[in-house]
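Welcome! Please take a moment to look over the sequence and the 3D view, and then we will walk through some of the details together.

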Amino acid sequence: QVQLVESGGGLVQAGGSLRLSCAASGGTVRTYAMAWFRQAPGKGREFVATISASGGGADYADFVKGRFTISRDNAKNIMSLQMNSLKSEDTAVYYCAAGRLTIQIWRYWGQGTQVTVSS
């Protein structure tokens, strides 16, 4: 059973940066693709970025391309999301996920970390 724990959220001004981390334990997470999702108040969960098991491939939602970078360190079982040029509309709870079944359905989820961007 894989456990995922996010960290790094907080309050930042628009235009600023944050780096989220997702620490994985309890399984062979390095064999899984992983992803970040987010959910803003009153909205559904939306895909942000995904990275392959090896870390060699990544894909992003259009609204974060050029601003966010996903990465992973399989030796440390950590996935990260570097978020630059943050906008108020990036305010959301960010979740990490592992073990893709479909783009929206994943085996394992973290509890989430709050990101608040003030304008």
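Which residues line the largest cavity? We will start there.

## The cavity

The largest cavity is lined by Cys22, Ala24, Val29, Met34, Arg72, Asn74, Asn77, Ile78 and Met79. A cavity here is a set of points, on a 1 Å grid over the protein atoms alone, where a 1.4 Å probe fits but cannot get out, and lining residues have an atom within 4 Å of a point. Grid points are joined across faces, edges and corners, and a volume is the space filled by probe spheres set on the points. By this rule there is one cavity of 30 Å³ or more, and the largest cavity holds about 30 Å³ of space.

Its lining divides into six nonpolar residues, two polar and one charged. In this scheme Ala, Val, Leu, Ile, Met, Phe, Trp, Tyr, Cys and Pro are nonpolar, Asp, Glu, Lys and Arg are charged, and the others, Gly among them, are polar. Strand 3 and strand 8 (78-83) each give at least two residues to this lining.

## About the model

This is a predicted model, in which local features need pLDDT of at least 70 and side-chain atom pairs count only at pLDDT 80 or more, while totals for chains, interfaces and linings use all residues. Residues are numbered from 1 along each chain as its sequence is written, and side-chain values use heavy atoms, with hydrogens and water left out.

## The sheet

Strands of a sheet pair through backbone hydrogen bonds, either parallel or antiparallel. In this model, four strands make an open sheet in the order 1-3-8-7, with antiparallel pairing. At its edges are strand 1 (3-7) and strand 7 (68-73), each pairing on one side only. Strands are DSSP runs (E, at least two residues) numbered from the N terminus, and two of them pair if DSSP finds at least two bridges between them.

Strand 1 is joined to strand 3 (residues 18-25) by five bridges, and Glu6 has Cys22 as its bridge partner in strand 3. Strand 7 and strand 8 pair over six bridges, with Asp73 opposite Ile78. One face of strand 7, with Phe68, Ile70 and Arg72, is covered, whereas the face with Thr69, Ser71 and Asp73 is uncovered.

## The disulfide

A disulfide is a covalent bond between the sulfur atoms of two cysteines. The structure has one, counted as a pair of cysteine sulfur atoms within 2.5 Å. Cys22 and Cys96 form this disulfide, with their sulfur atoms 2.1 Å apart. Cys22 lies in strand 3 and Cys96 in strand 9 (residues 92-100), so the pair ties together parts that are 74 residues apart in sequence.

The torsion about the S-S bond of Cys22 and Cys96 is about 55 degrees, so the disulfide is right-handed. Is Cys22 buried or exposed? Cys22 is buried at 0% relative accessibility, and Cys96 is also buried at 0%. Buried means under 20% relative accessible area, exposed over 50%, and partly exposed in between (1.4 Å probe, protein chains only).

## Loops to look at

Most residues other than glycine have a negative phi, and most peptide bonds are trans. Asn77, in the loop between strand 7 and strand 8, has a positive phi near 55 degrees and is buried at 18%. Ser85 has a positive phi of about 50 degrees, lies in the loop between strand 8 and strand 9, and is partly exposed at 41%.

Notes. 1 Å grid on protein atoms, 1.4 Å probe; cavity = no way out; pocket = protein on both sides within 12 Å on 5 of 7 lines; lining within 4 Å.
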